[in-house]
Amino acid sequence: MGNAVRGVIAFIPSESCQRFLVGDLKEMPLDRTLDLSSLQLRRLPVAACAFDELVKLYLSDNNLSSLPAELQSLRKLQLLALDFNCFEELPPAVCRLPQLSILYLGNNRLYHLPRELRELKELNTLWLETNCFTDFPAVVCELTNLKTLHLGYNQIRSLPEEVRHLEELRSIWLAGNMLTDFPPVFLEMHFLAVIDVDRNRIRHFPCLSHLQGLKLVIYDHNPCINAPAVGEGVRRVGRWADCSDDDLEKDVMKAATEDTAKAVEVYPEEQNNILGQRSDPQP
């Protein structure tokens with residue numbers, strides 16, 4: 001009976017009903033982490049924004065399409081998980097979190113990002129997989145501290161030259177898009193360690209042996225006629241590559257885990273959130 005009642009209440013977006021779903025929010029969690037995932041929330045109760053010492057906020061797997069302006073009072077927030085929701089636009093309050101370094105926005109309905117996103121000077125990890133982007137979001141090129149970018153499973157056809165300004169970027173994941181050419185801008189980005197263009201429409205790969213920082217390139221499931229030439233010690237995943245199917249999975253999982261671990265050294269549990277398929281958050 002309790003679950004049935006909760007199910008009915010979840011569809012009533014009033015503040016009192018949504019507060020019922022999250023329970024008592026009177027005391028600041030000792031670990032400065034608040035997990036409100038998988039509660040069928042349609043609104044975030046304003047009471048959740050009262051903890052000004054909060055460092056991590058998980059709102060994954062709800063029915064959220066907006067957030068209250070009060071969210072911006074969480075000035076010390078460093079991790080915000082909004083994946084698996086119903087956002088068509090990024091709530092303005094998110095862009096006013098000065099310490100935010102990790103932002104999960106995968107599996108929503110986003111098709112653009114606001115210019116205000118560039119105000120997130122500390123952002124180093126951004127997940128945008130499985131949204132509705134047809135163009136690479138230009139404002140991302142202004143996130144100069146970005147180290148990890150997941151944009152897989154959108155409808156992106158090309159990358160702008162401005163991507164080269166992301167000099168801190170080490171891993172970019174673009175699987176499941178509509179790229180017909182290997183992005184030329186990558187040929188100038190010697191600092192990239194992981195390039196994932198799996199499941200695109202690329203027919204020819206240029207030589208990548210001059211990219212001194214490259215460690216892994218994933219190019220499988222493309223209609224390519226050649227494998228990219230790479231330098232010594234660089235692993236390739238795809239046709240004519242130098243690893244078996246078993247090695248493929250191990251290499252991809254290892255790269256993604258190391259990638260995420262470096263970006264979230266202070267959040268070791270985030271190492272499980274890899275390959276664009278985040279598990280239910282467990283703070």
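## Aromatic pairs

The count of aromatic pairs comes to 4, where rings of Phe, Tyr and Trp (its six-membered ring) pair if their centres lie within 6.5 Å, and planes under 30 degrees apart count as stacked, over 60 as edge-to-face and the rest as tilted. One of these pairs joins F182 and F186 in an edge-to-face arrangement, at 5.7 Å centre to centre with 75 degrees between the planes. Both F182 and F186 are buried; the term buried denotes under 20% relative accessible area, exposed over 50%, and partly exposed in between, with a 1.4 Å probe and protein chains only. F205 and Y219 also form an edge-to-face pair, with 5.3 Å centre to centre and 65 degrees between the planes. Because F205 lies in the loop between β8 (194–196) and β9 (216–218) and Y219 in the loop between β9 and β10, this pair ties together parts that are 14 residues apart in sequence.

F205 has a relative accessible area of 2% and is therefore buried. Y219 is likewise buried, with a relative accessible area of 0%. F182, F186, F205 and Y219 form one aromatic cluster.

## Basis of the model

The structure is a predicted model, in which local features need pLDDT of at least 70, side-chain atom pairs count only at pLDDT 80 or more, and totals for chains, interfaces and linings use all residues. Residues are numbered from 1 along each chain as its sequence is written, and side-chain values use heavy atoms, with hydrogens and water left out.

## Chain and sheet

The chain has 3 helices and 10 strands; helices (H or I, at least four residues) and strands (E, at least two) are DSSP runs, numbered from the N terminus. From the N terminus on, the elements run α-α-β-β-β-β-β-β-β-β-β-β-α. Of the 283 residues of the chain, 52% count as buried. Among contacts with a separation of 6 or more, 29% come from residues 24 or more positions apart, a contact meaning heavy atoms within 4.5 Å.

Strand β6 (residues 148–150) pairs with strand β7 (residues 171–173) in the parallel sense over 3 bridges, and T148 stands opposite S171 in β7.

The largest nonpolar core holds 68 residues, of which L71 and L80 touch the most other members. Such a core is a set of buried Ala, Val, Leu, Ile, Met, Phe, Trp, Tyr and Cys residues joined through side-chain atoms within 4.5 Å. Not counting residues up to four places away in sequence, L80 touches L57, L59, L71, V94, L97, L100, I102, L103 and Y104.

W127 belongs to strand β5 (residues 125–127) and is buried, with a relative accessible area of 0%. W127 and L82 are 45 residues apart in sequence and 9.9 Å apart in space, C-alpha to C-alpha.

## Surroundings of N222

N222 is placed in the loop between β9 and β10 and is buried, with a relative accessible area of 6%. The N222 side chain reaches the backbone oxygen of Y219 at 2.9 Å. Beyond residues up to four places away in sequence, N222 touches V197, D198, R199, N200, R201, I202, F205 and R239.

Definitions and conventions
Pairing = 2+ DSSP bridges. Polar contact = N/O pair within 3.5 Å; in protein donor to acceptor, adjacent residues only side chain to side chain.
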